[in-house]
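Here is a short briefing on a protein model. Look at the structure first, then read the points below.

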Amino acid sequence: MQPWIQSDLHSMLSKSRFFFRNPQQLVERIVAQKQTFTLLLGVIGGIALLVGGIGIMNIMLVSVTERRREIGVRMAIGANARAIQLLFLIEGVVLSVVGGALGVVVGLSVAYVIAYFAKWAFSFFLSPLLLGFCVSVSVGIFFGFYPARKASRVDPIVALRDA
């Protein structure tokens, strides 16, 4: 190589920085980033389920408080604690089923609208929808159990007297 070419090349390259990367390192970084995003979305989903469950429980506790007289009358005419508990548990499940169905419909609608305007192909898999719906119902059962249990333990005499 001519000395003048080497000095010109050296003067041009001395101002530039070069990084050499191994493709395996890039793949490892992408995998690590994907795991971080999966964990982040899982935590956000868990928090959303917890907040939704607490909302269901609060609604059901308010319902139990407002319907104390009804609970007292039902128990006074022969309803046992199990029937009262089942009544409120079914209400919690219905509330979560309606919420889960609305979530599926709204989620699919928003995804379709985004795909339509972005000119993407729209497709969905049934298993994530069913999984999300089942988790919604499970949250309703789990968080609706305490208010249902509380309603079943109401003393009918006290409930009728306080109302």
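Helix α4 gives the largest share of the nonpolar patch, four residues. This is a predicted model.

**The nonpolar patch**
- The patch lies on the surface and is formed by Y112, V113, Y116, F117, F122, F124, L126 and L130.
- Together these residues have about 870 Å² of accessible area.
- Two elements give two or more residues to the patch: α4 (81–118) and α5.
- L126 is found in helix α5.

**Helices α2 and α5**
- Two packed helices are described by the angle between their axes and the distance between the axes.
- Helix α2 (residues 23–66) packs with helix α5 (residues 126–152) at an angle of about 35°.
- Their axes are 9 Å apart.
- The α2 and α5 crossing is right-handed.
- On the α2 side, residues making the contact include L49, L50, G53 and I54.
- On the α5 side, they include V135, V139, G140 and F143.
- By class, this contact has 14 nonpolar, two polar and one charged residues.

Conventions: Residues numbered from 1 in each chain as written. Predicted model: local features only at pLDDT ≥ 70, side-chain atom pairs only at ≥ 80, totals over all residues. Heavy atoms only, no water. Axes fitted to C-alpha atoms, helices over the stretch in contact; angles between N-to-C directions. Left-handed = near helix turned anticlockwise from the far one by under 90°. Contact = heavy atoms within 4.5 Å. Nonpolar A, V, L, I, M, F, W, Y, C, P; charged D, E, K, R; others polar. Patch = residues over 30% accessible without salt bridge, like charges linked within 9 Å, V, L, I, M, F, W, Y side chains within 5 Å. Areas by Shrake-Rupley, 256 points an atom, 1.4 Å probe, with all protein chains shown as cover. Salt bridge = Lys/Arg side-chain N within 4 Å of Asp/Glu carboxyl O.
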